[in-house]
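Welcome, and thanks for taking a look at this one. Here is a short briefing to read alongside the sequence and the 3D view.

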Amino acid sequence: MNKPVKQRRTTEEAAQNYVASRKAFGRTAEEEAIVRGWLKDLPANSILFDCPCGVGRFVNTAVDMKLRYLGADVGLPMVKEARKVSAQAIGFANADAEKMTLRDGSVDAVMIWRLLHHISSEAQRKQMLREAARVT
């Protein structure tokens, strides 16, 4: 049986596998275009909170678009890898999309990329979306 998505993200091996998969993943350019389309109307210096940030694949996208990037992931090894991507990010945290460790209204946008389809519980998905709404 597969481990829940949170548990699968918490090991060093999972982080290294994720880094390798990002290099081999064929839809990267397509996904980059989608994300840029979503973010294009954010004013410069807006704060983008990417949770889960994985290994930081959208850090450079945000920085390139003149956005201030803040990433978080439930897996500390993921966060460790994401920190290596760019020194221009605001920062990174070990945090859960169900219980974001930010104040109400503290960011301009939240990106929850490639997570919700892994969550089978409707209640969990709704909680993640409530948290995203709360912190924006």
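From the N terminus on, the elements of this protein follow the order α-α-α-β-α-β-α-β-β-α. That makes 6 helices and 4 strands. Please keep in mind as you browse that the model is predicted.

**The sheet**
- The 4 strands form an open sheet in the order β3-β2-β1-β4, and their pairing is parallel.
- At its edges you will find β3 (91-94) and β4 (109-111), each of which pairs on one side only.
- On average, neighbouring strands of this sheet are turned by 20 degrees against each other, with direction ignored.
- In general, strands of a sheet pair through backbone hydrogen bonds, in either a parallel or an antiparallel way.

**A closer look at β1 and β4**
- Strand β1 covers residues 47-50 and runs parallel to β4, to which 3 bridges join it.

- Helix α5 spans residues 76-83 and lies across two strands, β2 (68-73) and β3.
- Relative to β3, helix α5 runs at about 170 degrees.

**Burial, surface and contacts**
- The protein has 136 residues, and 42% of them count as buried.
- Considering contacts between residues at least 6 apart in sequence, 62% join residues at least 24 apart.

Terms used: Residues are numbered from 1 along each chain as its sequence is written. This is a predicted model: local features need pLDDT of at least 70, side-chain atom pairs count only at pLDDT 80 or more; totals for chains, interfaces and linings use all residues. Side-chain values use heavy atoms; hydrogens and water are left out. Buried means under 20% relative accessible area, exposed over 50%, partly exposed in between (1.4 Å probe, protein chains only). Contact means heavy atoms within 4.5 Å. Two strands pair if DSSP finds at least two bridges between them. Axes are lines fitted to C-alpha atoms, for helices over the stretch in contact, and angles run from 0 to 180 degrees between N-to-C directions.
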